[in-house]
Amino acid sequence: MAEVVILDDESAAAGLAANVILDLVRRKPATVLGLATGSTPLGIWLALADRGADLSDVRGFALDEYVGLPDGHPQSYRSVITREVVEPLGLDPNRVMVPGHLGPIETAGNDYERAIRAAGGVDLQVLGIGTDGHIGFNEPGSSFESLTRVKTLTRQTREDNARFFDSVDEVPVNCITQGLGTIRRAKHLVLLAFGEAKAKAIAAAVEGPVTASAPGSAIQLHPHVTVLVDGGAASELANVDYYRYAWANKPEWESL
Ligand code: GLP
């Protein structure tokens, strides 16, 4: 089962996630990180930038990308990852990939899978979750075995993401995303969520039935998952007392 840690606020969760990443990079400087966009992981990137660690050997694979935005569009995930992750953390831009940018879109999914495999797989995948339960851009109904491919966004996701555009109509309809099968191959999943708007999606992911209708529930099939949430995002979880008790009694030698 996922290790659920309920923290006081976003910055505590971001600091904890940053520590886990830095521990990994100390052991393996060429760590392969799975990078998520969205507002949720922003604190991690800020915390990592603050610590000033040398991350120049780290490799990165973004989870997803819009399809159809012009090159260099400020809201393309390639631009977002460059602005929010690559530059502040001092990553080597040639070692960070975003799906859909390797060649023609028709073969982009397979090309991306090949690139992840060639890098030795993702060591640690950072994940946020959508209010409809999506991870990456795997909307409800996505196969747990799916690999990187082009998909169609739900209206709800487009409305959620409209805040980054002038209107919902400007949010692309199509995207390319690592599949749930791709995500499940990463060695360690670190899922973060904050605020009550995410409470239902988190409860479904952590405690609900394993079902394609709740893509986040794919984490229950993974042997090493850490879920970092604040009180709001934890508010629909049934086993909160146990998670707090387990965290308070975690053996000192055991890392996240
Ligand atoms: C977006 C991204 C996801 C992200 C999710 C939540 O659509 N494709 O990778 O996890 O929505 O976004 P936020 O963290 O801004 O709430």
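A residue counts as buried when its relative accessible area is under 20%, as exposed when it is over 50%, and as partly exposed in between (1.4 Å probe, protein chains only). The model here is predicted, so local features need pLDDT of at least 70 and side-chain atom pairs count only at pLDDT 80 or more, while totals for chains, interfaces and linings use all residues. Residues are numbered from 1 along each chain as its sequence is written, and side-chain values use heavy atoms, with hydrogens and water left out.

On to the aromatic rings. Rings of Phe, Tyr and Trp (its six-membered ring) pair if their centres lie within 6.5 Å; planes under 30 degrees apart count as stacked, over 60 as edge-to-face and the rest as tilted. The structure holds 6 such aromatic pairs. In one of them, the ring centres of Tyr66 and Tyr77 lie 4.8 Å apart with the planes at 50 degrees, so this pair is tilted. The two residues sit 11 apart and link distant parts of the chain, Tyr66 being in strand β4 and Tyr77 in helix α3; helices (H or I, at least four residues) and strands (E, at least two) are DSSP runs, numbered from the N terminus. Tyr242 and Tyr243 make an edge-to-face pair, because their centres are 6.3 Å apart and their planes stand at 65 degrees. Tyr242 is partly exposed at 46% relative accessibility, whereas Tyr243 is buried at 4%. Ring pairs also tie Tyr66, Tyr77, Phe137 and Phe165 into a cluster.

Strand β4 turns up again in an open sheet of 3 strands, ordered β4-β8-β7 with antiparallel pairing. Its edge strands, β4 and β7 (149-152), each pair on one side only, and the twist from one strand to the next averages 30 degrees. Two strands pair if DSSP finds at least two bridges between them; β4 and β8 (residues 174-177) are joined by 4. Among these contacts, Glu65 has Ile176 in β8 as its bridge partner.

Now the pockets. A pocket is an open set of points on a 1 Å grid over the protein atoms alone, with protein on both sides within 12 Å along at least five of seven lines, and lining residues have an atom within 4 Å of a point. The largest pocket holds about 590 Å³ of space. It is lined by 32 residues, and those closest to its centre are Thr37, Gly38, Ser39, Asn161 and Arg163. Two or more lining residues come from each of β4 (64-67), α3 (77-89) and α5 (155-161), and α3 gives the largest share, 4 residues.

The second largest pocket holds about 200 Å³. Of its 14 lining residues, Val20, Arg27, His188, Ser255 and Leu256 are closest to the centre. Helix α1 (residues 10-27) supplies the largest share of this lining, 6 residues.

Finally, a look at Val210, which lies in the loop between α7 (199-206) and β10 (225-230). Val210 is partly exposed at 40% relative accessibility. Its C-alpha atom is separated by 33 Å from that of Leu102, 108 residues apart along the chain.

How values were computed. On a 1 Å grid over the protein atoms alone, a cavity is a set of points where a 1.4 Å probe fits but cannot get out, and a pocket is an open set with protein on both sides within 12 Å along at least five of seven lines; lining residues have an atom within 4 Å of a point. Grid points are joined across faces, edges and corners, and a volume is the space filled by probe spheres set on the points. Axes are lines fitted to C-alpha atoms, for helices over the stretch in contact, and angles run from 0 to 180 degrees between N-to-C directions.
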